[in-house]
Amino acid sequence: MTTTATAAYWEPLWAGGRRYRQLDFPEMRLMDEHLGPGRERPALDVGCGDGALSRHLHHELGYRTTGIDISPSAIALAAGHNSGPGPAWRCADIATGDLTALPEPAYAVITCRLVYRWMDDKRAFLNRVRQLLAPGGIFWVVTEIAGRRPATDPLQDLGITPAQAELLTADWSAIHAADLDVLRCYALHP
């Protein structure tokens, strides 16, 4: 059985032209409020996809950003948008890859947009994020919440369950959450 946290699952989707929810202004504004100016501090965008969030962190907020994705086609797409200096791109598996292969030992900001739901072992994923998060850093998570769509919507159960949300928010010193339509955005502080 192929799980959704593998390149074997995601690569054919990205290579076949599949695209996902675009980063929009309300989401960027909320992220900007919670993350603040980067001042060249390192940021890691987990599951960067086409790189829109990585580019926003890098160019608009001023973070020194690395975008990682498990799909080589997603990384190629993200890198193809660069016109001059921009984020660094790496094909990497946050769940099982060698974390020391990343360009920084710790990150001021780690983002995870529409990715947490797909992690098979959420507890292990969160532990890996904590290993990479610098003291005083912020883990920014954007995820859909199950049951927010109309009952007739085939994607109604796409989001995370209350139990998965509880696991996500456990063991952080400060938690800030805000809702945007079917999404919930979390700023988690160690």
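**Figure 1. Close-up of the glycine that comes after helix α3 in the predicted model.** Helix α3 is followed by G62, and the phi of G62 is positive, near 85°. Helix α3 itself covers residues 52-60.

**Figure 2. Close-up of the buried residues of helix α3 and their surroundings.** Buried in this helix are L53, S54, R55, H56, L57 and H58. These buried residues pack against two helices, α2 (25-35) and α4 (72-80). They also pack against the strands β1 (42-46), β2 (64-69), β3 (88-91) and β4 (107-113).

Figure 3. H56 lies in helix α3. The relative accessibility of H56 is 6%, so this histidine counts as buried, the cut-off for that class being under 20%. Leaving aside neighbours within four places in sequence, H56 is in contact with L23, M28, M31, D32 and L61.

**Figure 4. Close-up of the packing of helix α5 against helix α6.** Helix α5 spans residues 122-132 and helix α6 spans residues 162-169. The two pack at an angle of about 25°, and their axes are 10 Å apart. Helix α5 is therefore roughly parallel to α6, because angles under 35 degrees fall in that class. The crossing of α5 with α6 is right-handed. On the α5 side the contact is made by K122, R123 and L126, which meet Q164, L167 and L168 of α6. By type, the residues of this contact are 3 nonpolar, 1 polar and 2 charged.

**Figure 5. Close-up of the largest nonpolar core.** This core has 26 residues, of which I110, F125 and F139 touch the most other members. Two or more residues come from each of β1, β4, α5, β5 (133-144), α6 and β7 (183-189). Helix α5 gives the most to the core, with 4 residues. A second, separate core has 19 residues, including M31, L35, A43 and W140. In soluble globular proteins, nonpolar side chains tend to be buried together.

**Figure 6. Close-up of F139 and the residues around it.** Not counting residues up to four places away in sequence, F139 touches I110, C112, F125, L126, V129 and L133, among others. Further contacts of F139 are L168, W172, Y186, A187 and L188.

Terms used. Residues numbered from 1 in each chain as written. Predicted model: local features only at pLDDT ≥ 70, side-chain atom pairs only at ≥ 80, totals over all residues. Heavy atoms only, no water. Axes fitted to C-alpha atoms, helices over the stretch in contact; angles between N-to-C directions. Parallel < 35°, antiparallel > 145°, perpendicular 65-115°, else oblique. Left-handed = near helix turned anticlockwise from the far one by under 90°. Contact = heavy atoms within 4.5 Å. Nonpolar A, V, L, I, M, F, W, Y, C, P; charged D, E, K, R; others polar. Buried < 20%, exposed > 50% of the residue type's maximum accessible area, 1.4 Å probe, protein only. Core = buried A, V, L, I, M, F, W, Y, C linked by side-chain atoms within 4.5 Å.
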